[in-house]
Amino acid sequence: MLNVISITSMVEYHFKVSPIVYEYAAEQANLTEGQRMFIIKSIKRDNESYNVLYDNSKWSCDCKSYKYKSGVTEEGYCKHIRLLVFFLKEGVVIPFV
Ligand SMILES: [Zn+2]
């Protein structure tokens with residue numbers, strides 16, 4: 001509920017204005033098996049971006065919302081994680097950085 005509008009606007013932005021979601025290549029981010037790392041650029045602030053890590057089915061993000069558990073879902077998902085869960089579920093092709 002809290003993040004529905006944010007997610008929708010991020011999805012629209014990604015497709016209509018400029019891609020904001022990318023994935024790091026494994027060697028680029030020193031990832032091990034079962035890990036994937038993504039970067040989501042802020043649509044409000046040009047120089048900001050957030051790193052989202054998927055580690056053997058567990059998600060984490062380096063944004064303040066995730067860190068302080070404010071505006072997150074019951075599972076502790078911030079809007080960035082929710083955006084990625086949505087993209088992966090919908091089969092959206094995420095470009096590499
Ligand atoms: Zn986040």
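F87 is found in helix α3, where helices (H or I, at least four residues) and strands (E, at least two) are DSSP runs numbered from the N terminus. This is a predicted model, in which local features need pLDDT of at least 70 and side-chain atom pairs count only at pLDDT 80 or more, while totals for chains, interfaces and linings use all residues. Residues are numbered from 1 along each chain as its sequence is written.

**Surroundings of F87**
- F87 counts as partly exposed because it has 18 C-beta neighbours inside 10 Å, given that a residue is buried with 20 or more other C-beta atoms within 10 Å of its own, exposed with 12 or fewer, and partly exposed in between, the C-beta atoms being placed from the backbone.
- Leaving aside neighbours within four places in sequence, F87 is in contact (C-beta atoms, placed from the backbone, within 7 Å) with V21, V92 and I94.
- F87 and H14 are 73 residues apart in sequence, and their C-alpha atoms are 11 Å apart in space.

- Beyond four places in sequence, the contacts of C61 are Y50, V52, Y66, C78, H80 and I81.

**Strand pairing**
- Strand β1 (residues 21–23) pairs with β2 in the antiparallel sense over three bridges, pairing requiring at least two DSSP bridges between two strands, and E23 has F38 in β2 as its bridge partner.
- Seven bridges join β2 and β3, also in the antiparallel sense, and R36 has Y54 in β3 as its bridge partner.

Conventions:
Contact = placed C-beta atoms within 7 Å.
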